[in-house]
Amino acid sequence: MNAAVVGAGMAGVTVARLLQEAGIAVTLFDKSKGSGGRLASRQWHGDWIDHGAPYFGAEQPAFHRFLRQRLASSVLATWQPGIAGLVAADEQSCYVGVPRSSAVTRALLAPVCFQPATRVTRLQRDGSRWQLFNDGDSLLGSWDLVLLALPAPQARPLLAALPALATQLASVEMEPCWVTVMQTATPVPLPDVEIGAHPHLRRITHNSAKPGRSRQGIYVLQASTAWSQNHLEEPPAEIGEQMRQFWLDCRPPARDSQILFCHRWRYGFTRQALGQACLWQAAERIGLCGDWCLGRRVEDAWLSGLNLARQVLGSPAATL
Ligand SMILES: Cc1cc2nc3c(=O)[nH]c(=O)nc-3n(C[C@H](O)[C@H](O)[C@H](O)COP(=O)(O)OP(=O)(O)OC[C@H]3O[C@@H](n4cnc5c(N)ncnc54)[C@H](O)[C@@H]3O)c2cc1C
C-alpha cells in the first residue's frame, strides 16, 4: 500500500508521518522549496526569519506528546514571550521551531520521501489507483490513495473528478494577511509580542527574541485582516512602506528601521471552518485535511492530519 500526500504544512506532515509509521510508503509533495507551509521561514543573510506562524500553542496533551515523542529539544523549544495586549490563552507559553519555525515540519517528515518544488495540478483515476500530474502536466506516478493537505481554495481545483467532494469545501472561507519584516539598527524597547499596537497591525513579533536566533533587531509585522483584504493586490513595495509607517506611528524610536521583505498570505487564516475534523472517502481512497477543517491554528492543522490518519488506518482513536 502506498500513499501520496500533497502539501507539507503541519497537517500534511502529520498525516504523512503517521501513515509512514504504520507501514504505508508515503510520498509527500509540496510546491515550495521546503516544508512548513504557513509555518514558514525565510533565510536572511545566514539567519532565519519566520514570516508565517511565529510560534504556536498546544492545548491538548496529545499534541504535546506527539511533538515531544518525535522532536528533539534542539528543534523544538518552549518560549514564554513578554506580551503586550490581549492574547489567547495558548499564546502565554508556546512552542517555537529552532532555529526556524519550519524546523518542526522538516524534522517530522524525515522518515518520509519528500519531493519539494513540485506543484500538483491534476489528479486522475487509473483503475483503483490515483495518478498525480505536475504543472507541466507530466505524470508524477500513481498511488493507492491520495491525501490533500492544502488550504481549501487550493484543494478545490484538484477535485474536478469529484464534484460532490469539491462542493463540501464551498462553505470554507479563508482570509489574507500581509506581513512585513523590519530590522532596526539600534535596539528598540519593545515587548517580544505586541498585539493590536496599531489599528492596522494585528501583531508585532520580535523574531530575534525567540530561542536560537542570532540576528538582532528583527521584527515581524502582521497586518490586520481588514487592511490586508483592502490592499490585497497592491505591490509589496507599497505595502512595506505603509506598514513601516504604522510601525513608526506606534513606535517613534524605531526611525532607523529598514524593510527587509514583505509577504502576502492569500490564504493566511480560516474565517469559516468546515466544522469536521477531516474528509475521507474510503471508496475513492481520497481524503482532505488542513487547519480549515477545524479552525485557524497550527494545532487545528495537526488535529486534522491526525484524524485523517486514523480514518485511513481505520484505527480506534487510542492507537494513534
Ligand atoms: C502570518 C501568520 C501568522 C500565524 N500565526 C499563528 C500563530 O501564532 N499560532 C498558530 O497556531 N497559528 C498561526 N497561524 C496559522 C497557522 O500557520 C496555520 O493554521 C497552519 O500552519 C496551517 O497548516 P496546514 O498544514 O493546514 O496548511 P499550510 O501550512 O498552508 O500547508 C499547505 C501546503 O500546501 C502546499 N501547496 C499548496 N498548493 C499546492 C499544490 N498544488 N501542490 C503542492 N503543494 C501545494 C503549500 O506550499 C503549503 O506548504 C498563522 C498564519 C499566518 C499566515
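This report describes a helix packing, the aromatic pairs and the charges over rings in a predicted model.

## Packing of α1 and α8

Two packed helices are described by the angle between their axes and the distance between the axes. Helix α1, which covers residues 10–21, packs against helix α8, residues 298–313, at an angle of about 35°, and their axes are 7 Å apart. The crossing of these two helices is right-handed.

On the α1 side, the residues in contact are Met-10, Ala-11, Thr-14, Val-15, Leu-18 and Leu-19, and in α8 they meet Val-298, Ala-301, Trp-302, Gly-305, Leu-306, Leu-308, Ala-309, Val-312 and Leu-313. Sorted by class, this contact has 13 nonpolar and 2 polar residues, with no charged residues.

## Aromatic pairs

The model has 9 aromatic pairs. One of them joins Trp-227 and Phe-246 in an edge-to-face arrangement, with 5.3 Å from centre to centre and 85° between the planes. Because Trp-227 belongs to helix α6 (residues 225–230) and Phe-246 to helix α7 (residues 236–250), the pair ties together parts that are 19 residues apart in sequence. Trp-227 has a relative accessibility of 5% and therefore counts as buried, and Phe-246, at 10%, also counts as buried.

Elsewhere, ring pairs link Phe-56, Phe-63, Phe-66, Tyr-95 and Trp-302 into a cluster; Trp-302 is also one of the α8 residues that meet α1.

## Charges over rings

Two arginines are placed over phenylalanine rings. Arg-42 lies over the face of Phe-261, at 3.9 Å from the ring centre, while the charged end of Arg-202 sits over the ring of Phe-269, 4.3 Å from its centre.

Note on methods:
Residues numbered from 1 in each chain as written. Predicted model: local features only at pLDDT ≥ 70, side-chain atom pairs only at ≥ 80, totals over all residues. Heavy atoms only, no water. Axes fitted to C-alpha atoms, helices over the stretch in contact; angles between N-to-C directions. Helix = DSSP H or I, 4+ residues; strand = E, 2+ residues; numbered from the N terminus. Left-handed = near helix turned anticlockwise from the far one by under 90°. Contact = heavy atoms within 4.5 Å. Nonpolar A, V, L, I, M, F, W, Y, C, P; charged D, E, K, R; others polar. Phe/Tyr/Trp six-rings, centres within 6.5 Å; stacked < 30°, edge-to-face > 60°. Buried < 20%, exposed > 50% of the residue type's maximum accessible area, 1.4 Å probe, protein only. Lys NZ or Arg CZ within 6 Å of the ring centre and 35° of its normal.
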